[in-house]
2 protein chains.
Amino acid sequence: MVDNWLKEYINNIEKQIEIYFPEINDCGYKTVSDASRYSLTLGGKRIRPIILLEFCRMLGGDIKKAAPFAVALEMIHTYSLIHDDLPCMDNDDMRRGKPSCHIKYGEDTALLAGDTLLTEAFGVLSKAELPPERVVKAVEYLSSLSGLHGMIGGQVLDLSFEKITPTADQLIDMYSRKTGGLLIAAATLGCIAAGMLDQNTIENAKNYANNLGLAFQIIDDILDCTADQNLLGKPVGSDEKNNKTTFVTIYGIDKSRQIAKQYTDNAMECLSTFSGDKTRLTELTEYLLKRNY
Amino acid sequence: MVDNWLKEYINNIEKQIEIYFPEINDCGYKTVSDASRYSLTLGGKRIRPIILLEFCRMLGGDIKKAAPFAVALEMIHTYSLIHDDLPCMDNDDMRRGKPSCHIKYGEDTALLAGDTLLTEAFGVLSKAELPPERVVKAVEYLSSLSGLHGMIGGQVLDLSFEKITPTADQLIDMYSRKTGGLLIAAATLGCIAAGMLDQNTIENAKNYANNLGLAFQIIDDILDCTADQNLLGKPVGSDEKNNKTTFVTIYGIDKSRQIAKQYTDNAMECLSTFSGDKTRLTELTEYLLKRNY
């Protein structure tokens, strides 16, 4: 059942990408647009835009009007993957079972493709046909949750953990920013699109997404040791190869599964505070815990 | 005279940078904040924020309220310099007489410092205490003029000119995007901050800035052949070394000076259409033509 509505949402998001970030006509800089769209349309689970649209729907908003927010968020997520894969960062040749952007287009074009997606994401936000106060709020939240104290801060912490061995608390703080940042952006931008700007709603949405992000990331750590490489679409065992501290190296696989379950339960509890129809978000949260790729 | 009010503006902009992008407390990702601030506070002429604030003032706006726009624009300019200097791009070790960001902080941190400035710039825009319609308009213009069809497109064209020899028209198109993009953003965001959103005002502002940008860039080409390296703060003769087509290689130095003068005259003509006090913008435009570094 979850698969059906997820597929419908994914199809819709791919369509919205074509509207808000379409292929451009032949010109001297088409290559950077193609490289951006290559990574943006590589597939993936589209978790963040789905959460955004579902929060909007649950809170009585119009998901058609929230579409630019959803596309912008996926553009930010994609830019971060392109830049993270670069040789001076994680140096990953593969992404979602395909050559990563710099392998296909070269390092200079990949760098600029990331910059393009990041820059244009805010332009896409500005196109939303919503009251301008909501758009400004969305710009504020997306910038802050993907910026210095959000996703980028998390990425810096992650890189620093190659040199220092983090404690569990430091690992959690890193995940809350690196993975949590954009999931929190998803939930809060969904609230904002629906016009629910009160502190209570926003705080509950943040808590839900942070707990979901921690569960999600711990499961990623587990899958890095246990998954089928073909299903996962990226090399398995890279954490061990890179000597990375993860939940699995600190707690082992069984305990990590328990902790992921606890964070999922917390997320469910946050969900229960919302009064709208939360069936789908509940299904999605369970689905993410049970995924094997 | 021009020097006096320019210095006052520059001081003011440095102060606003401390307000909107301050040093952060010690934490695991302070280094990326320090790297961003290193490049942001390296000095430079602050031409773009000055033009923005002067357009706002000329059109009767409140330059205090426009300050976040000015800082955001300088952040975008700085991110572009950091990413342009990276080894996979222009591979420049020096910037404004100091080691460039990746030489001082490493390539991974410089990449993320650029991403930080770009992301946080839109957050700074969102903090402006102006009617939200104006802030949304500023987000739209800043994104588009620094994005795919603006500054980034110009940078891609510039890189492509290492492989193909551009015509004069192609060179002008590249400069209009690469240098022109952010100068046009400066002029138009100044109009937007002042609440002058009518098409006529915006078009005149765009034309002014585009002509100024072309004059500015041609003078850059000339200075690359003729300037004193210590004054310029970057290596002289790099265009020739890199086999770059510039206005000087197409037209020679004397003809290039004439063309720069023509673009400056065009810019002056655009300025004359505005009814406010344009003394300072006139002085600034003349000053930029006569600069020798």
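Student: Which residues is A:Asp221 in contact with, leaving aside its neighbours within four places in sequence?

Tutor: This is a predicted model. In it, A:Asp221 touches A:Tyr175, A:Asp239, A:Thr246, A:Phe247 and A:Val248, once neighbours within four places in sequence are left aside. A:Asp221 itself lies in helix α11 of chain A, residues 199-226.

Student: Is A:Asp221 buried or exposed, and what is the nearest side chain of opposite charge?

Tutor: A:Asp221 is buried and has no salt bridge. A salt bridge requires the charged atoms to be within 4 Å, whereas the nearest side chain of opposite charge, A:Lys244, is 7.5 Å away. The side chain of A:Asp221 does, however, form a polar contact of 2.5 Å with that of A:Tyr175.

Student: How should I read the area buried between chain B and chain A?

Tutor: The size of an interface is often given as the accessible area lost when the parts come together. Here, about 3,800 Å² is buried between chain B and chain A, and carbon and sulfur atoms give 75% of that area. On the chain B side, B:Tyr29, B:Thr119 and B:Leu148 lose the most area to chain A, together 19% of what that side buries.

Student: How many salt bridges and how many residue pairs in polar contact are found across the interface?

Tutor: There are zero salt bridges between chain B and chain A, but 12 residue pairs are in polar contact. Helix α6(B) gives the most to the side of chain B that touches chain A, with 12 residues.

Student: What rotation superposes chain B on chain A?

Tutor: A rotation of 180° with 0.0 Å of shift along its axis does so, with an RMSD of 0.0 Å. That is the relation of a two-fold axis.

Note on methods
Residues are numbered from 1 along each chain as its sequence is written. Chains are lettered from A and ligands numbered from 1 in the order in which they are written. This is a predicted model: local features need pLDDT of at least 70, side-chain atom pairs count only at pLDDT 80 or more; totals for chains, interfaces and linings use all residues. Side-chain values use heavy atoms; hydrogens and water are left out. Copies are superposed by least squares on the C-alpha atoms of residues with pLDDT of at least 70 in both. Helices (H or I, at least four residues) and strands (E, at least two) are DSSP runs, numbered from the N terminus. Buried means under 20% relative accessible area, exposed over 50%, partly exposed in between (1.4 Å probe, protein chains only). Lys and Arg count as positive and Asp and Glu as negative; His and the chain ends are not counted. A polar contact is a pair of N or O atoms within 3.5 Å; within protein, one must be able to donate a hydrogen and the other to accept it, and residues adjacent in sequence count only if both atoms are side-chain atoms. Contact means heavy atoms within 4.5 Å. Buried area is the accessible area (1.4 Å probe) that two parts lose on being put together, summed over both.
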